[in-house]
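Please look over the sequence and the structure shown here before reading on.

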Amino acid sequence: MEALVGEGVTRVDALEKVSGAAVFGPDVKLVGMLYGKTLRSPHAHARIVSINLEEARKLPGVRAIVTGADLSGVLGGEAVKDMPFLAQGKVRYMGEPVAAVAAEDEATALKAIDLIDVVYDELPVAADALAALEKGAPLIHEGLENYARIGVIKPVPKSNVITVNEYSKGDVEQGFRESDEIFEDEFSSQTVHHAPLEPHSAVAQVDVNGRIVVWAPNDSPHRLRKDLADALHMRLDRVRVISTYVGGGFGGKGGLKAEPIAVALAMKTNHRPVKVVFTREEVFQATLVRHATVVRIKTGVKHDGTLMARDVKIIWDTGAYAEKGPTVCSQATAAAAGPYRVAHVHLVGHCVYTNKAVAGAYRGYGTPQLAWACESQMDTIAKKLGLDPLELRLRNVLREGDVNPVGHPVHSVGVEDCLKQVAQAIGWQERRRQPRVTEKGRYVGFGVACGTKNTKTPSGSEAALYLSQDGSLTIVTASVEVGQGVRTILAQIACGVLGLPMENVSFSQPDTDSTPFDASTTSSRTTFHMGNAVKIAAEDLKQQLAQLAAALFGCDVNQVVVDGGKAWLAKEPERSLTYPELLQKQYGAGASMMGRGFYYPKSEQGKAFHGSPSLFWMYGAHAVQVEVDPKTGRVEVTRLAAAADTGRPINPINCLQQIEGGALHAIGTTLMEELIVDNQGHMVNPNFHDYRIPTAMDAPEILASFAEAPHREGPFGAKGMAEIVTTSVLPAIGNAIEDAVGVRIRDLPIRSDKVWRALKESGAATKRK
Amino acid sequence: MKERSVTLRVNGELHVFNHVPVRKTLVQLLRDDAGLTGTKEGCGEGDCGACTVLLDGEPVNSCLVLASEADGKEVLTVEGLSREWELHPLQQTFVEEGAVQCGYCIPGMLLAAKALLDENPSPTEAEIRGAIAGNLCRCTGYVRIVLAIQRAVASMSRPR
């Protein structure tokens with residue numbers, strides 16, 4: 001029974017991917033397809049005075065041109081409806097789409113957009129969140145309070161603040177009064193990009209009935225359908241979305257990116273499909289980025305290290321449009337105090353529009369920036385109190401049944417185990433026996449950190465399973481394979497329940513016409529939510545098979561056992577019938593059987609989107625060993641231990657893949673990556689030679705493990721984990737650098753020039769014993 | 001735009017492409033005209049390596065090679081790695097070792113690895129990392145990709 005659950009079976013999508021057969025977004029090709037290109041704003045903030053399309057229209061091969069004027073009143077956005085498909089009246093960031101062309105081939109489309117003449121009237125620019133908060137700052141969205149929005153979003157009229165989200169527990173002032181020591185620090189983080197290898201793309205077609213069909217590497221087909229339908233004031237069934245394989249997402253492949261441009265063009269091409277594939281420059285400028293943040297954190301502690309009070313204020317630079325920025329603010333701010341028991345807590349997040357690339361979901365949904373602040377400060381506290389950094393954390397971490405910083409009792413808490421695992425793997429207790437300076441004159445340091453993340457709550461998932469007459473199974477869900485291995489996980493759950501071999505399984509393509517509703521393939525929610533839906537569907541099939549067997553055996557359904565691909569009378573196990581035999585005996589002319597599973601978590605506080613306490617919390621920890629060259633400030637992570645709390649893992653290898661990959665991704669965030677924007681809002685480095693992500697040469701030895709804290713409501717005790725795998729890498733590296741050379745870097749990324757300058761100023765490395 | 005005809009041997013088969021615009025890149029020709037979409041384009045600027053193919057046995061970023069430059073040459077793409085239904089040892093170990101996540105970098109990664117092993121049948125880990133340093137992967141941390149290449153080395157060196 002359930003033998004497959006918990007096994008590291010080979011991924012079911014691997015064969016397609018090593019053979020080049022897997023179809024990603026840019027691989028979609030339809031008969032009569034046109035190619036679309038986009039003219040983008042060179043300015044970060046400007047009024048559009050005029051757009052002249054005459055020359056472009058004359059170019060042979062051009063079939064459609066579209067501008068914001070064609071889409072008056074069309075505004076999209078999951079949380080706040082503020083974003084036009086193409087700029088209307090003004091542009092708010094460099095790279096914003098202004099016009100688009102569909103032509104017979106890409107070269108013609110490119111030539112045509114060059115022929116479009118746009119006159120702009122430049123406006124003052126708010127190039128970062130602090131500037132956008134100043135009195136007299138240019139207003140990026142006049143009347144932002146009038147936008148349609150979901151309940152948790154609380155805009156501040158006549159400002160650039162699209163939401164303020166606040167959480168309180170106890171009385172922080174009392175907590176500070178009762179503290180022996182108080183620490184106040186400020187940390188900041190930079191804008192980074194998901195940088196998936198597959199660029200964003202979409203193919204759209206409008207059929208003769210006016211129905212829109214979109215093929216896209218989008219992580220959430222049902223959500224995209226709703227985004228498009230709502231923006232265009234259409235019924236949901238009038239839009240069909242088919243998701244391809246996604247060539248890397250990390251949060252950046254949801255919502256409206258290439259899709260609205262392809263749709264806008266397809267509305268004017270007389271039913272011919274239009275394909276839009278972004279260039280790498282467009283991916284960097286005009287899809288999504290991670291929020292730059294400023295975090296002010298004040299913590300009160302007792303001499304023994306007990307955390308008494310924590311007050312955290314976060315400023316989220318959300319860029320020119322809301323996208324998922326406000327929900328990052330509302331959700332992540334709740335996680336800002338870390339995975340600790342703290343009696344008195346006050347957390348407040350301000351989500352601020354700026355004239356920059358749109359910020360939103362990015363693996364960890366804001367928690368890496370928060371852990372950067374919280375966990376860096378934990379080391380400052382440990383140092384002042386004379387405590388080992390690991391010990392300070394272990395004294396305060398949440399354990400089963402504790403009340404978390406936002407006032408909710410927690411269940412399934414693996415953070416202590418994660419900390420102990422990474423400490424063991426890196427050699428934490430023995431670290432002082434290592435030479436502190438290498439033969440090359442580099443200083444060696446160790447750092448540890450932990451983190452936590454919530455999942456969006458509540459949200460629903462539905463699955464269908466088709467059992468065919470030959471005993472094969474088709475798993476029909478809208479969960480998208482973005483590289484996380486979801487197909488394998490869902491197959492293990494379905495086959496585990498039904499006792500079928502994995503070879504018997506096929507998968508539907510996510511398609512809003514045929515695959516039931518799923519909120520999204522995001523928020524590390526799929527194993528938990530869709531996993532539950534598939535489990536329920538498989539149990540439904542089993543029940544139907546039992547009823548079929550009971551009818552054939554002429555007995556009560558309770559006397560039938562269904563398992564391992566067979567059904568039998570409990571007292572006569574030798575007279576079993578296989579699933580195909582059952583179907584054949586009852587429906588000789590052919591039939592299939594459908595199992596249905598719907599999962600929507602029970603909610604304590606309302607059923608609204610983002611309206612409830614997190615269904616589950618993720619926990620993780622990292623420990624690193626670094627070497628710092630005092631002559632150059634260069635930091636190298638030489639070893640990294642990473643652990644995540646997986647609940648009971650459905651597939652341990654899949655979990656390790658996430659933990660390993662996330663670790664290197666976050667080393668890039670910490671040491672290498674930064675999207676640089678000048679004071680006029682111009683992005684300086686939108687390409688892979690100036691925006692460097694880690695290569696195989698940048699990877700340290702990675703020691704990955706997982707802690708199992710089974711969740712009572714997860715399928716077989718499993719829970720999500722794919723976003724916690726980066727969260728605590730950032731502060732672990734910062735802490736290790738301080739351990740190595742005695743300087744504390746407070747602004748990401750930790751470039752060598754910052755370390756070098758800090759060393760110069762402090763003289764710390766040379767003084768250090 | 002100027003056009004010319006391009007003759008290529010792709011995965012062992014002879015292809016003649018007429019009216020190829022001279023500005024067309026090899027990756028575009030392979031994907032759009034030969035229908036071989038296994039080769040991926042990630043940046044179009046030679047930075048990411050997703051479009052790596054072997055041109056007369058040498059790994060190249062096919063986004064930086066003009067289709068007309070490849071005229072008369074032999075191209076190996078991911079579709080040509082396996083013979084009939086038998087996977088190349090690298091494909092086999094990439095599957096078995098869990099080297100594949102989103103999969104977008106994998107075709108280029110496999111060909112970069114093949115080029116290495118053709119040249120150096122018993123590379124060190126550092127040599128493996130060096131050989132794939134031009135192939136970016138955002139998912140895996142390269143951990144299992146390196147392991148898979150090492151296992152392929154072991155399986156290929158075994159006498160058959």
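## About the model

This is a predicted model, in which local features need pLDDT of at least 70 and side-chain atom pairs count only at pLDDT 80 or more, while totals for chains, interfaces and linings use all residues. Residues are numbered from 1 along each chain as its sequence is written, and chains are lettered from A, with ligands numbered from 1, in the order in which they are written.

## Where the chains meet

The contact between the chains takes 42 residues from chain A and 41 residues from chain B, where two residues are in contact if their C-beta atoms, placed from the backbone, lie within 7 Å. On the side of chain B that touches chain A, helix 2, helix 3, helix 4 (125-131) and helix 5 (143-157) each supply at least two residues, and helix 2 of chain B gives the most, with 4 residues. Helices (H or I, at least four residues) and strands (E, at least two) are DSSP runs, numbered from the N terminus.

By class, this side of chain B has 20 nonpolar, 13 polar and 8 charged residues. Here Ala, Val, Leu, Ile, Met, Phe, Trp, Tyr, Cys and Pro count as nonpolar, Asp, Glu, Lys and Arg as charged, and the others, Gly among them, as polar.

## A helix pair in chain B

Helix 2 (residues 89-96) and helix 3 (residues 106-119) of chain B pack at an angle of about 130 degrees, with their axes 10 Å apart; axes are lines fitted to C-alpha atoms, for helices over the stretch in contact, and angles run from 0 to 180 degrees between N-to-C directions. That angle makes helix 2 of chain B oblique to helix 3 of chain B, given that angles under 35 degrees count as roughly parallel, over 145 as roughly antiparallel, 65 to 115 as roughly perpendicular and the rest as oblique.

In this pair, B:Leu90, B:Gln91 and B:Phe94 of helix 2 meet B:Ile106, B:Leu110, B:Ala113 and B:Lys114 of helix 3. The residues of this contact divide into 5 nonpolar, 1 polar and 1 charged.

## Helices of chain A

Helix 10 (residues 367-385) and helix 11 (residues 389-396) of chain A pack at an angle of about 110 degrees, with their axes 9 Å apart, which makes helix 10 of chain A roughly perpendicular to helix 11 of chain A. A:Met378, A:Asp379, A:Ile381 and A:Ala382 in helix 10 meet A:Pro389, A:Leu392 and A:Arg393 in helix 11, and the residues of this contact divide into 5 nonpolar, no polar and 2 charged.

Helix 16 (residues 652-672) of chain A is mostly covered, with 18 of its 21 residues buried. A residue is buried if 20 or more other C-beta atoms lie within 10 Å of its own, exposed if 12 or fewer, and partly exposed in between.

Most residues other than glycine have a negative phi, and most peptide bonds are trans. A cis peptide bond joins A:Thr457 and A:Pro458, with omega about -10 degrees, and A:Pro458 is found in the loop between strand 16 (443-454) and strand 17 (461-467) of chain A. Another cis peptide bond joins A:Leu748 and A:Pro749, with omega about -5 degrees.

B:Tyr142, which is not a glycine, has a positive phi of about 70 degrees and lies in the loop between helix 4 and helix 5 of chain B. B:Tyr142 counts as buried because it has 29 C-beta neighbours inside 10 Å.
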